[in-house]
Amino acid sequence: MRLNVGPEHPDFGNAVPCRCAAQESADDRRERLLRYSNIGALARLSFRNLIARGRSAGAREQELYKQCVDDARAFADQPDGWLLLSGASGCGKTHIAAAIVNRLLERGEPALFVVVPDLLDHLRAAYQPGAEVGYDELFERVRNAPVLVLDDLGTQAQTPWAQEKLFQLINHRFNTRLPTVVTTNLLPEQIDDRLRTRLTDAGIARVYVLEAKRPSDLRTLDVLDHPLIREMTFERFETRGAHLAVDDRKRLENAYRHALAFAEQPDGWLLFMGAHGAGKTHLASAIANYRRQRGETPHFVVVPDLLDYLRRGFATDDGRSHDAFDEMKTAPLLILDDLDTQTGIPWVRDRLFQLLNYRHTARLPTVITTALSLDDLGERLASRLVDPAVCTVIVLGEPVRHEPAPARRPSRSRSRRT
């Protein structure tokens, strides 16, 4: 507050604590700062309980991590400039960022910790009538926070609106030189150009790439960013077409309900079966887009493309193929689209069984689409795909039954089904 005094008074124009603030106890102030910080369960993370040299076994990575921690300690003692912490999941970025906030809180100084996808969700909700906090108030609170931590930049949905809001926020703090810490699983060169010019500006920011992991080849196989796939949402899925028979409409409505329920809370497996054009890919894409809008990073892979990639990689013993395959095995949410007739090839069945058996045993959320019948899938694959303890089977029309092809002499030219 400001006192109502004349220009000659020493406190004229200066902000002074109100009576409530002056009478606030140390415990009350800490509780107020803790609520403001939004640190939540991460209040347990401090400089005292982090791994001093990180989790990497490499000496170079350990030394870089130690330098980053030392810089973060200095930043927490005297917030100035920006820190950009880049690296693979699990390398310790969030722990360092949370430790900065908790050190500031210990000293009675305000700091705000926000996860980028959550922030964008809150901003969208603030547009709604009756929102507890209005959009302008919420955005102003974040962009002018005395010290701001933006955690998990890059995991948000890459919509034009989201990119614009983030640029407005980061550009404001860049222009006003407000102390800021940003963590991201992206390499600096992967960040959107407009954001990168601010986040990596040598005049204000120190950049640390911790346990740098170049994008795996799985990213090149992931088609979720393709424009057609991005447009396949639940809102665009049509279940009431006038041309549909009653039974077909009921099947679509049932499939839609199961897909939406799975998207809201991924658990177990979903297997969509049916002829091409029945809507399987649309529903699988809608699930992936729904989870991505909530800040997650599902993997959406077209099986024939995956098999071509594995065939090339394993033939040349390319280590990247093994890495991509292992990443698929452990992905939090994997969508395999168009499980096709190549499953009749022995090595293909072995690889697919290895992948699906791992995810089946680990109970990892998985969505699969196929136009094949269970007979075409083979007994081993089918035993995992239709296990009622794990998988829900949704049939959209009759699956295609493939008859064994007649034997023929090998040919130099090969064609691939599209």
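Student: How are α5 and α7 oriented to each other: roughly parallel or roughly perpendicular?

Tutor: Keep in mind that this is a predicted model. α5 and helix α7, residues 160-176, pack at an angle of about 105 degrees. Angles from 65 to 115 degrees count as roughly perpendicular, so α5 and α7 are roughly perpendicular to each other. Their axes are 11 Å apart.

Student: Which residues meet there, in α5 and in α7?

Tutor: From α5, Val 116, Leu 119, Leu 120, Leu 123 and Arg 124. From α7, Trp 161, Ala 162, Lys 165, Leu 166 and Leu 169.

Student: How does the contact of α5 with α7 split by class?

Tutor: It has 8 nonpolar residues, 2 charged and no polar.

Student: Now α5 and α6. What angle do they pack at?

Tutor: About 150 degrees, with the axes 8 Å apart. Here α5 covers residues 116-126 and α6 covers residues 135-143. The cut-off for roughly antiparallel is over 145 degrees, so α5 is roughly antiparallel to α6.

Student: Is the crossing of α5 and α6 left-handed or right-handed?

Tutor: The crossing of α5 and α6 is left-handed. On the α5 side, Leu 119, His 122, Leu 123 and Ala 126 make the contact. Tyr 135, Leu 138, Phe 139 and Val 142 make it from α6.

Student: And how many nonpolar, polar and charged residues in that contact of α5 with α6?

Tutor: 7 nonpolar, 1 polar and no charged.

Student: Switching to the largest nonpolar core. Which residues touch the most other members?

Tutor: The core has 30 residues. Phe 47, Leu 83, Ile 96, Ile 100, Phe 113 and Val 181 touch the most other members.

Student: Which elements give two or more residues to this core?

Tutor: α3 (59-77), β1 (82-87), α4 (93-106) and β5 (205-210). α4 gives the most, with 8 residues.

Student: Take Ile 100. What does it touch?

Tutor: Leaving out residues up to four places away in sequence, Ile 100 touches Phe 47, Ala 72, Phe 75, Ala 76, Leu 83 and Val 181.

Student: Last one, Arg 35. Where is it, and is Arg 35 buried or exposed?

Tutor: Arg 35 sits in helix α2, residues 26-37. Its relative accessibility is 56%. Exposed means over 50%, so Arg 35 counts as exposed.

Student: How far apart are Arg 35 and Leu 112 in space?

Tutor: 9.4 Å, C-alpha to C-alpha. In sequence, Arg 35 and Leu 112 are 77 residues apart.

Definitions and conventions:
Residues are numbered from 1 along each chain as its sequence is written. This is a predicted model: local features need pLDDT of at least 70, side-chain atom pairs count only at pLDDT 80 or more; totals for chains, interfaces and linings use all residues. Side-chain values use heavy atoms; hydrogens and water are left out. A nonpolar core is a set of buried Ala, Val, Leu, Ile, Met, Phe, Trp, Tyr and Cys residues joined through side-chain atoms within 4.5 Å. Buried means under 20% relative accessible area, exposed over 50%, partly exposed in between (1.4 Å probe, protein chains only). Helices (H or I, at least four residues) and strands (E, at least two) are DSSP runs, numbered from the N terminus. Contact means heavy atoms within 4.5 Å. Axes are lines fitted to C-alpha atoms, for helices over the stretch in contact, and angles run from 0 to 180 degrees between N-to-C directions. Angles under 35 degrees count as roughly parallel, over 145 as roughly antiparallel, 65 to 115 as roughly perpendicular and the rest as oblique. A crossing is left-handed if the near helix is turned anticlockwise from the far one by less than a right angle, and right-handed if clockwise. Ala, Val, Leu, Ile, Met, Phe, Trp, Tyr, Cys and Pro count as nonpolar, Asp, Glu, Lys and Arg as charged, and the others, Gly among them, as polar.
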